[in-house]
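Open the structure in your viewer and keep the selection panel at hand. The stops below go from one chain to its contact with another.

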Amino acid sequence: MERDKKTTGTVAGIVANLVIVKADGPVAQNEICFIKHRDERLMAEVIKVQGINTYLQVFESTRGVRIGSEVEFENYMLEVTLGPGILSRNYDGLQNDLDKMDGIFLKRGEYTDPLNRENKWKFKPLAKKGDKVVAGSWLGEVEENIISHKIMVPFKMEGNYEVKSIAEAGEYTVDETVAVVVDGEGEEHSLTMVQKWPVKLPIRSYIDKPRPFKLLETGVRCIDTLNPITEGGTGFIPGAFGTGKTVLQHAISKQAEADVVIIAACGERANEVVEVFTEFPELDDPRTGKKLIERTTIIANTSNMPVAAREASVYTAMTIAEYYRSMGLRVLLMADSTSRWAQALREMSNRLEELPGPDAFPMDLSAVISNFYSRAGFVYLPNDKTGSITFIGTVSPAGGNLKEPVTENTRKVARCFYGLSQDRADSKRYPAVDAIESYSKYLEYPEVQKNLKENVGEGWLDSVLKAKDILLRGKEVMEQINILGDDGVPIEFHDMFWKSELIDFVILQQDAFDKVDASSSMERQKYMLSSVLEVADSQFEFKGFEDVSDFYKEVINIYKQMNYSDYESDKFTKNESELKSLLEKRMKPSVSESNV
Amino acid sequence: MESQAFQKIYTKLTNITKATVTLRASEVGYDEIALVHGRMSQVVKLMGDEVTLQVFAGTEGIPTDAEVTFMGRPPQLKVSEGLGGRFFDAYGDPIDGGPEVEGEVRDIGSPSVNPVRRKQPSQLIATGIAGIDLNNSLVSGQKIPFFADPDQPYNQVMANVALRAKADKIILGGMGLTNDDYLYFKSVFENAGALDRIVSFVNTTENPPVERLLVPDMVLTAAEYFAVDHNENVLVLLTDMTLFADALSIVSNRMDQIPSKDSMPGSLYSDLARLYEKAVQFPEGGSITIVAVTTLSGGDITHAIPDNTGYITEGQLFLRRDTDVGKVIVDPFRSLSRLKQLVIGKQTREDHPQVMNAAIRLFADAANAKTKLENGFDLTDYDERTLDFAKAYSEKLLAIDVNLDIDTMLDIAWGLFREHFKKAEVGIKQEFTEQFWEK
């Protein structure tokens with residue numbers, strides 16, 4: 001967008017946060033502009049141009065704005081500022097630093113700097129004079145909390161450059177020049193630690209984007225064991241309200257094996273964000289021993305914040321994630337909830353009087369969603385290092401009905417599906433992920449299967465599939481029992497049902513509020529699954545069907561005590577031997593198939 | 001309504017619909033209020049020099065030469081300590097025969113609290129009702145609705161909650177309240193001697209429906225005044241939010257907006273969230289807690305109003321008549337308080353979370369047993385015991401007429417466990433079983 005003179009305009013119409021402007025010069029789609037109202041400047045984005053009318057969505061309340069108010073077009077799209085100091089920050093959807101704002105209430109038209117300009121960073125050069133570099137090449141690094149934050153050639157710089165000079169190791173602010181590079185024409189460019197990037201465009205500083213293949217541990221058993229997600233994978237969690245979406249999301253963002261976690265709270269409850277603000281500075285990251293907040297950035301557009309900024313918030317979050325991925329880091333991006341974002345699109349589309357698609361959502365919803373999900377992924381960087389963005393979004397289906405546009409369009413693109421079941425939630429079987437309906441497409445990838453074999457165990461995949469079969473069989477048998485009655489089916493049916501209950505209670509259910517049970521290491525998950533499958537493979541003697549449930553309830557109870565105890569602790573082993581003797585008492589002699 | 005000097009008076013309406021009027025005017029701000037034929041109106045659309053005004057009381061009888069004066073300000077409320085004990089209409093004008101309240105003028109519908117300035121809610125609100133305190137504990141700064149059919153006694157339960165909650169101020173927002181219910185609230189508060197801590201903004205079924213749209217903002221502006229300026233704990237009661245949402249859909253329909261699910265405006269989620277999110281715990285000690293009512297039609301929670309509400313609020317409370325004990329209970333399956341995790345086992349006894357879960361699980365087993373019974377199958381001994389347990393649990397704990405402290409509720413629950421079950425069947429952490437089983 002090259003322009004000699006700033007375009008200006010005047011307000012010609014207002015309906016809620018849609019403002020129509022008559023501009024006196026060229027404007028661009030998605031260009032940022034400011035509406036002047038008394039001493040306030042309200043930020044807005046061009047979303048449509050029709051003849052002499054330019055349509056803006058305003059990121060603020062338009063209360064009091066008048067016809068004829070002046071508008072200044074800024075000649076750039078909505079951008080984020082990228083540089084050291086993003087981690088541990090709390091931003092709004094437009095990357096304003098919320099902590100820098102004065103007062104209890106948000107003030108309209110107040111925009112704050114996302115970075116700290118005074119802070120000095122310990123810079124260490126990585127490139128040297130004469131190096132050939134391109135956009136995204138690493139020039140140096142600074143320590144940001146626990147990660148090594150790479151200073152890169154700005155992504156906007158197209159073509160090839162040569163490093164002319166680079167700053168010596170030392171302390172610099174983000175605005176000081178740390179490198180000078182020369183382009184093909186011999187022109188010099190001074191580079192600082194800061195760069196900007198328009199959020200709607202993906203950062204493509206990688207050379208290859210293979211299919212994801214590495215398991216990403218989340219510590220949540222029903223994900224890691226049954227339907228694992230990968231580094232660079234995509235997943236989504238649809239669930240009616242009250243089924244535990246947010247608890248599950250928080251559990252993942254606390255425990256997942258990631259270097260950087262970006263949480264986009266998109267149109268959700270403010271108290272849930274406060275929970276993150278309050279708890280993350282206190283909680284330890286078990287992998288580094290540092291506080292969780294050190295690896296976390298929060299983008300908060302809570303449901304009472306301006307709707308237009310809701311759409312921006314997920315893009316802001318994704319762009320920050322891409323920035324950190326370019327440093328060779330494993331980034332986890334969580335968005336709660338993508339439905340609110342879709343609703344924001346719907347509100348705008350409605351005000352624009354566009355012809356609506358299904359459920360009054362805009363027609364291009366499907367394209368918007370798939371475009372966004374495609375920005376996640378595992379990548380090889382130009383220097384052969386790897387980085388990844390694992391993206392998990394929640395979906396809040398209207399009326400809990402999964403046949404609605406947001407869920408259906410997300411299902412087309414996300415590779416993991418963690419469906420939360422109302423029935424499970426009602427009977428307090430948390431996390432309420434429906435193990436039978438849910439899936440991970442990654443389990444079908446040969447490269448993932450190979451990776452699991454090498455890193456978890458040779459027979460792991462078979463065990464997982466077996467557990468799934470037992471769960472499915474248990475469900476079928478349950479239906480039979482419901483039709484025929486307890487004594488209308490053979491005892492083996494009860495045995496089968498209770499074996500699936502065993503897996504449900506011990507593996508699937510997990511107490512997110514218990515210190516020990518909340519997170520389960522892969523080693524522990526492997527141990528527990530093989531232990532439970534061993535029980536499932538055993539044959540026991542029962543006098544009647546009541547005997548079956550009594551026995552398994554006792555078994556489950558002991559297993560639950562084990563889940564509540566530290567792995568391999570005294571309590572854990574004590575419970576285990578208790579379990580062993582209980583099982584042996586019932587075991588049918590001469591069992592041949594204990595092949596796990 | 002006050003008037004300003006040098007006001008320009010317009011007298012030519014170009015369009016009149018059931019809810020809006022349109023005229024040509026200049027120097028008008030968005031959201032500004034105006035008087036049209038003496039009726040309060042608000043600017044909802046500006047297009048060139050065409051101004052569309054929403055007339056809250058409806059446009060019946062408005063002529064095309066009606067006088068229109070613009071006030072140059074959004075709707076406002078005068079706030080001061082003088083609000084206590086008073087009853088107002090949707091415009092903030094007294095309806096109790098008393099004088100106008102003097103005080104500082106505040107715009108209603110003020111901006112949101114910066115999320116980083118909020119404090120995590122942590123103060124338990126005890127109501128004495130075990131269905132709430134034991135299973136769905138309320139926390140100050142929370143927002144939670146009753147999802148109830150119109151025939152259920154939600155207003156009574158809400159009044160009980162309000163009086164027992166020990167709030168500094170209770171602010172009632174009545175939307176489409178029947179005159180009988182309005183008088184009910186008035187007499188309950190009067191009889192409790194609590195009238196001076198109560199402020200009411202009431203739109204009854206006798207008033208025009210669109211006026212309701214102002215009620216929650218009036219209520220919350222008053223609530224913010226007490227919570228921020230006086231650091232008080234304010235409890236806001238909003239009944240009935242379904243009628244508020246219906247008013248929204250009337251307006252959006254008259255504005256020719258494309259409806260989304262259930263003929264509700266596409267912005268329903270944001271419209272409701274803007275109000276409910278006013279629930280907050282301030283760091284200086286003040287708080288706003290919102291208890292609302294969303295009436296359902298035939299118990300359908302997938303309808304757009306309860307559905308969007310459920311995604312916004314921090315849980316929901318269901319009332320249900322338990323025919324086995326002949327009492328109204330707080331349904332333990334469908335009710336949920338999301339913030340209970342912040343207080344249970346912390347401000348209450350350590351065994352609270354596990355006791356709560358175990359009791360509900362056993363109650364669910366009883367429901368399964370009941371289904372079996374209804375389908376004509378034999379019950380096992382365990383099934384029989386769960387049924388006995390469920391009856392006692394429902395009667396002694398879930399019924400809305402109990403008034404107990406939380407330790408007593410927990411002791412009663414342990415008593416029921418002991419009476420009907422073996423330890424393994426209850427499945428509570430060993431350390432608690434050891435401590436409380438024999439108690």
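What follows is a walk through a predicted model, one selection at a time.

**Stop 1: the domains**

Colour chain A by domain. Domain 1 covers 8–77 and domain 2 covers 121–193. Domain 3 takes 221–451, and domain 4 takes 460–586.

**Stop 2: a four-stranded sheet**

Show chain A as a cartoon and select β12, β11, β9 and β14. In that order, these four strands of chain A make an open sheet with antiparallel pairing. Which strands sit at its edges? They are β12 (147–152) and β14 (170–172) of chain A, each with pairing on one side only. Look along the sheet: from one strand to the next, the twist averages 40 degrees.

Zoom in on β11(A), residues 138–144. Six bridges tie β11(A) to β12(A), and the two strands run antiparallel. Select Glu144(A) next. Its bridge partner in β12(A) is Ile147(A).

**Stop 3: another open sheet**

Hide those strands and select β10, β13, β15 and β16 of chain A. They form an open sheet in the order β10-β13-β15-β16, with antiparallel pairing. The edges here are β10 (132–133) and β16 (188–191) of chain A, and each pairs on one side only.

How many bridges join β10(A) to β13(A)? There are two, and β10(A) runs antiparallel to β13(A), residues 161–166. Show side chains for Lys132(A) and Glu162(A). Lys132(A) stands opposite Glu162(A), which belongs to β13(A).

**Stop 4: the side facing chain B**

Bring chain B into view. Here 61 residues of chain A are in contact with 60 residues of chain B. Select β1 (8–15), α3 (270–279), α5 (338–351) and α13 (545–563) of chain A: these are the elements that give two or more residues to the side touching chain B. The largest share, seven residues, comes from α3(A). Now colour this side of chain A by residue class.

**Stop 5: strands across the chains**

Finish at β1(A). β1(A) and β5(B) pair in the antiparallel sense, with two bridges between them. Which residue of β5(B) stands opposite Ile14(A)? Click on Leu46(B): this is the residue facing Ile14(A) across the pair.

Notes: Residues are numbered from 1 along each chain as its sequence is written. Chains are lettered from A and ligands numbered from 1 in the order in which they are written. This is a predicted model: local features need pLDDT of at least 70, side-chain atom pairs count only at pLDDT 80 or more; totals for chains, interfaces and linings use all residues. Two strands pair if DSSP finds at least two bridges between them. Axes are lines fitted to C-alpha atoms, for helices over the stretch in contact, and angles run from 0 to 180 degrees between N-to-C directions. Domain bounds come from an automatic or database domain assignment. Two residues are in contact if their C-beta atoms, placed from the backbone, lie within 7 Å.
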